[in-house]
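Me: I am new to this structure. Please show me how to read its features, step by step.

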Amino acid sequence: MSTRIAFLKGHGTENDFVIVPDPENVIDLPPATAAALCDRRAGIGGDGLLHVVRSAAHPEARSMAAEAEWFMDYRNGDGSIAEMCGNGVRVFARYLQRAGHVAEGDIAVATRAGVKTVHLAKDGDITVGMGKAVLPEGDVTVTVGDRSWPARNVNMGNPHAVAFVEDLDHAGHLYAPPPFSPLSAYPDGVNVEFVVDRGLHHVALRVHERGSGETRSCGTGACAVAVATARRDGADPAVTGTPATYTVDVPGGRLVITERTDGEIEMTGPAVIVAEGEIDTEWLENTTP
């Protein structure tokens, strides 16, 4: 390990990330290290960590190297590995553009949820092809305090429970994961979205992200919410033959989600790099076991 490690800091609708460029996958980032970097008081601070690796250099991504040169090795704020992060993919793509690895237009990014197509527009927004939603059968209930709601089970490469509520304050503080039942629905935990209507095809959410707590935004969560809202509204593009587009307000901004007639979901929103610097590895080695 070098004496210093380069990093950047970025966010997508205020879902923020520590970015660690490591093309050849030589930096060791065990869970404790990732969590230390994401610590908001003792570290750099972030909802998660984007480890930027060439697909050919990572054992989990080598099979995707022919389709996507770069692999988003994503970690939650607690250091745990996650399958996918929608806001993270946009920030990941913005970093690749800033570093000169890609230009405006379409690029492919490998993730643990498969290869995602990303479009970097001239106006600055980034659109991510998020794949198709899976809607597992079975009833799910989410509880906060003495209130409980039925929730829609939506999988966007990672699991979500979408609950429609009267007031976003009913979600409580969201420091801890909201209880859900049955436990068998989400054996590895779940991202929980609380949703209110704002207007026609316009909703707002708060979210508890598995492994990170409440965040200012969740891209896969916004997609899950758009799909759940469309089904609640009786809209299934595969049946109606008409795409469904929803504006989803998150605490950190706004995302636009479109479900196409083929079931593919596209998410459009901003991504910003705000800082770059170097990590002192002596600090890192003294911080983690």
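The dialogue below takes up rings, charges, strands and a pocket in turn.

Me: What kind of model is this, and how are residues numbered?

Reply: This is a predicted model, where local features need pLDDT of at least 70, side-chain atom pairs count only at pLDDT 80 or more, and totals for chains, interfaces and linings use all residues. Residues are numbered from 1 along each chain as its sequence is written, and side-chain values use heavy atoms, with hydrogens and water left out.

Me: How many aromatic pairs does a search of the whole structure find?

Reply: A pair of aromatic rings is described by the distance of the centres and the angle of the planes. Rings of Phe, Tyr and Trp (its six-membered ring) pair if their centres lie within 6.5 Å; planes under 30 degrees apart are stacked, over 60 edge-to-face, and the rest tilted. The search of the whole structure finds three such pairs. One of them joins Phe-17 and Tyr-74: the ring centres are 6.0 Å apart and the planes stand at 70 degrees, so this pair is edge-to-face.

Me: Where in the chain do Phe-17 and Tyr-74 sit?

Reply: Strands (E, at least two residues) are DSSP runs, numbered from the N terminus. Phe-17 is in strand β2 (residues 15-21) and Tyr-74 is in strand β4 (residues 70-76). Burial is read from relative accessible area: buried means under 20%, exposed over 50%, partly exposed in between (1.4 Å probe, protein chains only). Both Phe-17 and Tyr-74 are buried.

Me: What about the rings of Trp-149 and Phe-194?

Reply: Their centres are 5.7 Å apart and their planes are at 75 degrees, so this pair is edge-to-face. Trp-149 belongs to strand β9 (residues 147-155), and Phe-194 to strand β12 (residues 191-199). This pair also links distant parts of the chain, at 45 residues apart. Trp-149 has a relative accessible area of 10%, so Trp-149 is buried. Phe-194 is buried too, at 0%.

Me: Which residue lies over the face of Phe-164?

Reply: A charge sits over a ring if NZ of Lys or CZ of Arg is within 6 Å of the ring centre and within 35 degrees of the ring normal. Here Arg-232 lies over the face of Phe-164, 4.7 Å from the ring centre.

Me: How many salt bridges are there?

Reply: A salt bridge is a side-chain nitrogen of Lys or Arg within 4 Å of a carboxyl oxygen of Asp or Glu. The count comes to 19. Among them, Arg-206 meets Glu-214 at 2.8 Å, N to O. Arg-206 is buried at 13% relative accessibility, while Glu-214 is partly exposed at 32%. Arg-260 and Glu-266 form another, with their closest N and O atoms 3.0 Å apart. Arg-260 is partly exposed at 31%, and Glu-266 is partly exposed at 29%. Salt bridges with shared partners also join Lys-9, Asp-16, Arg-40 and Asp-47 into one network.

Me: In which sense do β9 and β10 pair?

Reply: Two strands pair if DSSP finds at least two bridges between them. β9 and β10 pair in the antiparallel sense, over five bridges. Val-154 stands opposite His-160 in β10. The two strands form a hairpin with three residues between them, and Gly-157 in the turn has a positive phi of about 95 degrees. β10 and β12 pair in the parallel sense, also over five bridges. There, Ala-161 has Val-192 in β12 as its bridge partner. Strand β10 (residues 159-164) is mostly covered, with five of its six residues buried.

Me: Which way do the side chains of β17 point?

Reply: They alternate along strand β17 (residues 264-269). Ile-265, Met-267 and Gly-269 point to one face and are buried. Strand β7 (residues 126-132) pairs with β17 in the antiparallel sense over six bridges. Strand β16 (residues 253-259) and β17 are antiparallel as well, over four bridges. In the hairpin of β16 and β17, four residues lie between the strands, and Gly-263 takes a positive phi near 90 degrees.

Me: Which elements give two or more residues to the lining of the largest pocket?

Reply: On a 1 Å grid over the protein atoms alone, a pocket is an open set of points where a 1.4 Å probe fits, with protein on both sides within 12 Å along at least five of seven lines; lining residues have an atom within 4 Å of a point. The elements are β9 and β10. The largest share, four residues, comes from β9. The lining includes Pro-150, Arg-152, Val-162 and Phe-164.
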